[in-house]
Number of protein chains: 2
Amino acid sequence: MSLNISAERLLADLTHLAQIGSGADGGIHRVAGSAADFAARDWLDKTLRCAGLDSHRDPVGNVFGRVPGSSGPWLLMGSHADTVPGGGRLDGAYGVIAAIEVLRTLHEAGHPAAEQIEVVAFWDEEGVTAGSGGGLVGSSALCRHPHVEELSGYLELHIEQGPRMDSQGIELAAVTGIVGVRRYEVTVQGEENHAGTTPFSARSDAGRVASRTAAALQGICQRINGSVIGNVGAVSFGPGAPNVVPGSARLEAEIRAGSDEILDRVDRRLREVLARIASEEGCTATLTETSAKPAAHFDADLVDLVDAVCRRRSVRTERMVSYAGHDASVLSTRVPTAMLFVPSTGGFSHSAREDTPDHLLVLGAQALLDSALAVVAGRVPQQLAA
Amino acid sequence: MSLNISAERLLADLTHLAQIGSGADGGIHRVAGSAADFAARDWLDKTLRCAGLDSHRDPVGNVFGRVPGSSGPWLLMGSHADTVPGGGRLDGAYGVIAAIEVLRTLHEAGHPAAEQIEVVAFWDEEGVTAGSGGGLVGSSALCRHPHVEELSGYLELHIEQGPRMDSQGIELAAVTGIVGVRRYEVTVQGEENHAGTTPFSARSDAGRVASRTAAALQGICQRINGSVIGNVGAVSFGPGAPNVVPGSARLEAEIRAGSDEILDRVDRRLREVLARIASEEGCTATLTETSAKPAAHFDADLVDLVDAVCRRRSVRTERMVSYAGHDASVLSTRVPTAMLFVPSTGGFSHSAREDTPDHLLVLGAQALLDSALAVVAGRVPQQLAA
């Protein structure tokens, strides 16, 4: 039996939701807790109820929808409804609307799987507001709530938010996990000196240590593994005058990789390179880890199942790791979890330029429906591929 | 006939002047226009008058001293009396006190050369205060004043303010000129992006352009000429967050070399390297010259004369270019000019750590006396060396 989602309804709902918080700059302003965010969750309530589904909210404001009278355990599907200021219309919203469309399609068809599915719009994934502690607030709250015990798994459909799939013509991806992220602050102590009278050989130039280390990070990542990524986002020199050899310097960097073991290797190499450069420049340097988010590994069986579903829907499919954080990383600590990606045109996200072609949005939602059916039916990937 | 300065009087006067503006931090706070600066110039007036010399000030506040009734042309000798905040006791002050000691010695001895010598304590060399336009205020004013036409030349004795002489055991140096200085602002435009989802290959990382260029400057200088020097004193990235690939970057740099031709070569090479790096990183970069001070070349005959004098006083002598600016660079545009350097212990200057051993302070002042006598007598270096 093959069920199809309604492309028209999916796209229309995306358009409707995008109007809530739509700014003059073309971006969506639906920061968690804003009037637009409350309006969006009200609109989601209404949309669920119009489809004959129950809607309720948990104490933090996560919006849930399910078939009236269904008793679980449920396969949870969804994403978040908040945006960054001036964000795009798809980040989070697409996963929520697609999940609703999947459940609506099953419910309309009277499919028994509908009773085993719950949809969710998570509260405050972006973590933009002060005190939201870096985001993932709603999904983290769910994982501390007894309701998590009633879930059989979690599936999240999302846009990639990067250019990898778009540039390679990939239409669907089964996401194997989420990179771990480590953030660092590097401080360098040298000796402030007159930039004219002090020859190179007599300097302890903290600025050179920072510049050379910043320039080296990309090579360090690439030599360890092609999938490791890093960034130096901020640098400053003290005292900061053109005629003074910097006596101090500071930089902020991060590294991301699909496993903590690889992150450990990058970490060690970064410390070695920094120590060597500091020594060469006659300075002392300290590298401090300011935060560390471990890599999330999704459920292997669920990823295989999603991967098999994607392959049946498109030949342009791959397995990939997510370089951005998602609610799925939190859920994966409690229930079997997997994600599906569709491409982001040009790789843009968190901006008004964020986009994905309609036919791929429809394809992604259809793959989510296929995946949900397969999970509920307990089909293994081999059976799907057959 | 050999005349000797009084070591005791020279060192005592240096100690007295250092008490005016002396701070609890051990540094001298005698910024131009401050109460301490006015007190210092009053003290100089008194010191000149006690030595039987005339003292007067020009409209900007330069303090001049000469033998009463002398009619010029005068060989001007001196330096500046102001300091940076928390500066050392020798920068400027040494050249002023030594010049007074030289004229005092000649005047006491009834030497006819005394009537052809004038001493000066220049106003506001350091240019620390707002509106002082980068310093050299008093010497620049003198060069616009009719009095400059009454000068036969200018000699300035100064501490090196860098470690070159001290580290090589050089006791006296004849300064051949002052490096030209060009200051630059480099702005880089890239594309701000998510530091996780954007692979290295898809980035236009303005921060990498700034870091790589900053790291490259030293090599650019050293490959052109061992005497070229450069510095990157300030760097900033925009927007400046660890998880955002920098979309913009800015750096402030300067280069110094003994000739404008060499500065031109460094300038060209710096622009080439910046353009190549920016292109490799998919960014655009602009290098703007924010200021350019041309190299000053002192009078060749006068430098030869000073050099010969130095060689007679010490075997540890060299000719060198000054990497710091001095009033002599301004004077050299109007009258034959030369400078003498004594070492700075450890190369420290503009700090309480600034120092030079007493015997070298005495040696420098004696070399200034010898030079003054040779100049006034019109002796050429060959005669001196004989």
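Student: Which residues does the UniProt annotation "binding site" cover, in the unreviewed entry, together with A:Arg183?
Tutor: First, a word on conventions: this is a predicted model, so local features need pLDDT of at least 70, side-chain atom pairs count only at pLDDT 80 or more, and totals for chains, interfaces and linings use all residues. Residues are numbered from 1 along each chain as its sequence is written, chains are lettered from A and ligands numbered from 1 in the order in which they are written, and side-chain values use heavy atoms, with hydrogens and water left out. UniProt positions are given in the numbering used here, with shortened feature names, and annotations may be inferred rather than shown by experiment. With A:Arg183, the annotation from that unreviewed entry covers A:Asn243 and A:Arg256.

Student: How far apart in space are they, up to what distance between C-alpha atoms?
Tutor: The three residues are spread over 74 residues of sequence. They are also spread in space, with C-alpha atoms up to 36.7 Å apart.

Student: Is A:Arg256 buried or exposed?
Tutor: A:Arg256 sits in strand 13 (residues 248-257) of chain A; helices (H or I, at least four residues) and strands (E, at least two) are DSSP runs, numbered from the N terminus. Buried means under 20% relative accessible area, exposed over 50%, and partly exposed in between, with a 1.4 Å probe and protein chains only. Because its relative accessible area is 5%, A:Arg256 is buried.

Student: Which residues of chain B does A:Asn243 touch?
Tutor: A:Asn243 is in the loop between strand 11 (229-238) and strand 12 (244-245) of chain A, and at 29% relative accessibility it counts as partly exposed. Contact means heavy atoms within 4.5 Å. Leaving out residues up to four places away in sequence, A:Asn243 touches A:Asn193, A:His194 and A:Ala195, and from chain B it touches B:Arg183, B:Asn231, B:Glu254 and B:Arg256.

Student: What area do chain A and chain B bury between them?
Tutor: The contact takes 50 residues from chain A and 50 residues from chain B. Buried area is the accessible area (1.4 Å probe) that two parts lose on being put together, summed over both. Of the total, 57% is on carbon and sulfur atoms, and the two chains bury about 3,900 Å².

Student: Which three residues supply 18% of the area that chain A buries against chain B?
Tutor: Their share is more than that of any other three residues. They are A:Thr197, A:Phe200 and A:Pro242.

Student: What is the largest C-alpha distance among A:Asp91, A:Glu126 and A:His350?
Tutor: The unreviewed UniProt entry places a "binding site" feature at these residues too. A:Glu126 is buried, with a relative accessible area of 14%, whereas A:His350 is partly exposed at 33%. A polar contact of 3.1 Å joins the side chains of A:His350 and A:Asp91.

Student: Which side chain makes a polar contact with the side chain of B:Arg66?
Tutor: B:Arg66 lies in strand 2 (residues 63-66) of chain B and counts as buried at 17% relative accessibility. The side-chain contact is 2.8 Å, and the partner is B:Glu118.

Technical notes: A polar contact is a pair of N or O atoms within 3.5 Å; within protein, one must be able to donate a hydrogen and the other to accept it, and residues adjacent in sequence count only if both atoms are side-chain atoms.
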